[in-house]
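Welcome! Please take a look at the sequence and the model below, and then let us walk through them together.

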Amino acid sequence: MESTFVYDGDCAFCTRCAQFIERRIPTTARVVPWQFADLAALGLTEAECEDAVQWVGADGSRAAGPDAIAKLLGGSGRLWRVAGAGLGLPPVRLAAWPAYRWVARNRHRLPGGTATCALPQEARERLYGPTGQPAPDA
């Protein structure tokens, strides 16, 4: 199994961040929206994926939020590995979680974000259906 970084593909801000990763960060990890991932095979739940980005290492290790980002960066190019190591330092990690939670709560207000980013998955499916297309009665 290869390492996998899982993000919210229904969130425009998250998708733009994932596109940045794919374009700019040399990683061997798969970067995949949770809506198209085999969550059971990865040992993840929808609730975990709605809560934060997820990392599942090739060895089965798991991490979430800024810890997942640190894992992704740790397996990338030299400069990115330094950033990942820095993110793992105790004082930085302590500050990273509140910062991550703030970004997650406000992602609909950030560049590339949309109002859909603020909705829980259940509400998104009610409005747009499980395929992301508007529901017939919407």
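## How to read the model

Helices (H or I, at least four residues) and strands (E, at least two) are DSSP runs, numbered from the N terminus. This is a predicted model, in which local features need pLDDT of at least 70 and side-chain atom pairs count only at pLDDT 80 or more, while totals for chains, interfaces and linings use all residues. Residues are numbered from 1 along each chain as its sequence is written, and side-chain values use heavy atoms, with hydrogens and water left out.

## The overall layout

Seven helices and four strands make up the list of elements in the chain.

How much of the chain is buried? Of its 138 residues, 38% count as buried; here buried means under 20% relative accessible area, exposed means over 50%, and partly exposed lies in between (1.4 Å probe, protein chains only). The chain exposes about 8000 Å², and carbon and sulfur atoms supply 59% of that area. Accessible areas come from the Shrake-Rupley method with a 1.4 Å probe, and for residues only the protein chains shown count as cover. Contact means heavy atoms within 4.5 Å. Among contacts between residues at least 6 apart in sequence, 58% join residues at least 24 apart.

In soluble globular proteins, nonpolar side chains tend to be buried together. A nonpolar core is a set of buried Ala, Val, Leu, Ile, Met, Phe, Trp, Tyr and Cys residues joined through side-chain atoms within 4.5 Å. The largest one here has 19 residues, and F5 and W55 touch the most other members. β1 (4–7), α1 (12–24) and α4 (65–74) each supply at least two residues of this core, and α1 gives the most, with four residues. Another core lies apart from it, with nine residues that include V32, W34, L39 and C49.

Which residues does W55 contact, leaving aside neighbours within four places in sequence? They are S3, T4, F5, A29, S61, R62, A63, A68, K71 and L72.

Not counting residues up to four places away in sequence, P66 touches L87, A96, W97 and Y100. A70 also belongs to α4, and at 14% relative accessibility A70 counts as buried. Leaving aside neighbours within four places in sequence, A70 is in contact with G84 and L87.

## How the helices pack

Two packed helices are described by the angle between their axes and the distance between the axes. Axes are lines fitted to C-alpha atoms, for helices over the stretch in contact, and angles run from 0 to 180 degrees between N-to-C directions. α4 and α6 pack at an angle of about 115°, with their axes 8 Å apart. G65, P66, D67 and I69 in α4 meet R93, A96, W97 and Y100 in α6. These residues divide into five nonpolar, one polar and two charged. In this grouping, Ala, Val, Leu, Ile, Met, Phe, Trp, Tyr, Cys and Pro count as nonpolar, Asp, Glu, Lys and Arg as charged, and the others, Gly among them, as polar.

The axes of α5 (residues 78–88) and α6 (residues 90–106) come within 5 Å and cross at roughly 80°. That makes α5 roughly perpendicular to α6, a label for angles of 65 to 115 degrees. G86, L87 and G88 of α5 make the contact with P90, V92, R93 and A96 of α6. Of the residues in this contact, four are nonpolar, two polar and one charged.

## Two partly exposed residues

A99 is found in helix α6 and counts as partly exposed, at 41% relative accessibility. The C-alpha atoms of A99 and P66 are separated by 9.0 Å, although the two residues are 33 residues apart along the chain.

R30 lies in strand β2 (residues 30–33) and is partly exposed, with a relative accessible area of 35%. Leaving aside neighbours within four places in sequence, R30 is in contact with E2, S3, T4, F5 and L42. R30 and S3 are 27 residues apart in sequence and 6.3 Å apart in space, C-alpha to C-alpha.

Definitions and conventions:
Angles under 35 degrees count as roughly parallel, over 145 as roughly antiparallel, 65 to 115 as roughly perpendicular and the rest as oblique.
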